[in-house]
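Here is a short report to read beside the structure. Keep the view open as you go.

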Amino acid sequence: MSNPNQAMVEKYRSNFLKEVEANVEEGHWVKMCMQCGVCSGSCPLGPHWEHPPQEIFMMIRAGKREEVLGSSSMWMCTSCYNCIARCPRGLPITHIMHGLATYAKRLGLQPKTQPTAKFSQLFWSNLTKTGRVNELKLGLSLYFMNGFANGIKTALKMQDVGLGMYKTGRLNPLEILGGHSIKDTGGLQKMLKKAFEIEEAKIAEYKG
Ligand code: SF4
Ligand code: SF4
């Protein structure tokens with residue numbers, strides 16, 4: 001098997017629930033869902049999604065792997081925590097939704113045109129380099145994420161916002177040269193490495 005997605009298909013053939021339990025943050029909770037629908041009914045955005053949370057959990061149990069991992073729904077969760085507060089079974093729904101999005105991204109199955117998926121990656125890369133968000137670079141990468149022509153168009157459309165931010169000291173053009181950072185970027189990298197190790201160990205422990 002040449003890529004992570006194919007490897008997982010092979011490993012968990014016909015058992016998507018098991019795959020979710022072993023690889024998705026808090027995924028072992030999915031089997032506890034009793035399909036009452038309270039989460040979907042409480043989600044302020046659910047009605048506008050392809051699949052609200054309750055449906056996602058039902059689809060996982062039904063083995064609908066491609067539909068779940070390719071769905072844009074998880075990417076639109078705003079972490080409002082309404083669903084968690086109301087779930088009678090106490091499922092950490094928000095975390096599962098983000099966990100599913102992260103797992104889909106890890107396998108390269110996230111919807112290619114989903115803007116939040118793109119933004120998440122840009123934000124993470126921007127932040128983890130120096131420990132501080134370089135707003136100028138982040139803004140520019142967002143404008144140009146769909147190509148040069150689109151970038152110019154968006155930059156022109158947003159020029160008043162940019163100017164307003166500059167005038168109020170919220171945007172420093174010199175940040176293009178590198179920008180500010182935390183004192184100990186090496187420490188940050190070590191901390192992130194450790195966090196990844198802990199996550200991997202947690203997954204490995206669950207897999208037994
Ligand atoms: S509220 Fe909880 S138990 Fe009910 S459908 Fe949602 S996740 Fe399942
Ligand atoms: S946390 Fe996400 S899934 Fe839960 S209600 Fe809010 S938007 Fe919906």
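## Around ligand 2

In this predicted model, α7 provides the largest share of the shell around ligand 2, with 3 residues. Both α6 and α7 supply at least two residues each.

In total, 15 residues surround ligand 2. The closest are Cys43, Cys77, Cys80, Asn82 and Cys83. Sorted by class, this shell has 9 nonpolar residues, 6 polar ones and no charged ones.

## Around ligand 1

Ligand 1 is surrounded by 15 residues. Cys33, Cys36, Val38, Cys39 and Cys87 are the closest. The classes here are 11 nonpolar, 3 polar and 1 charged.

Which helix gives the most to the shell around ligand 1? The answer is α4, with 3 residues. Helix α3, spanning 38–42, and helix α4, spanning 53–61, each supply at least two residues.

## A look at α4

Helix α4 also has buried residues. They are Pro53, Gln54, Glu55, Ile56, Phe57 and Ile60. What covers them includes α2 (16–23), α3 and α5 (65–69). The cover also includes α6 (82–86) and α7 (93–106).

After α4 comes glycine 63. The phi of this glycine is positive, near 75 degrees.

## The domains

The domain assignment gives two ranges for the chain. Domain 1 covers 4–110, and domain 2 covers 115–196. How far apart are the C-alpha centres of domain 1 and domain 2? They lie 29 Å apart.

How values were computed. Residues are numbered from 1 along each chain as its sequence is written. Chains are lettered from A and ligands numbered from 1 in the order in which they are written. This is a predicted model: local features need pLDDT of at least 70, side-chain atom pairs count only at pLDDT 80 or more; totals for chains, interfaces and linings use all residues. A residue is near a molecule or strand if its C-beta atom, placed from the backbone, lies within 6 Å of it. Helices (H or I, at least four residues) and strands (E, at least two) are DSSP runs, numbered from the N terminus. Ala, Val, Leu, Ile, Met, Phe, Trp, Tyr, Cys and Pro count as nonpolar, Asp, Glu, Lys and Arg as charged, and the others, Gly among them, as polar. Domain bounds come from an automatic or database domain assignment. A residue is buried if 20 or more other C-beta atoms lie within 10 Å of its own, exposed if 12 or fewer, and partly exposed in between; C-beta atoms are placed from the backbone. Two residues are in contact if their C-beta atoms, placed from the backbone, lie within 7 Å.
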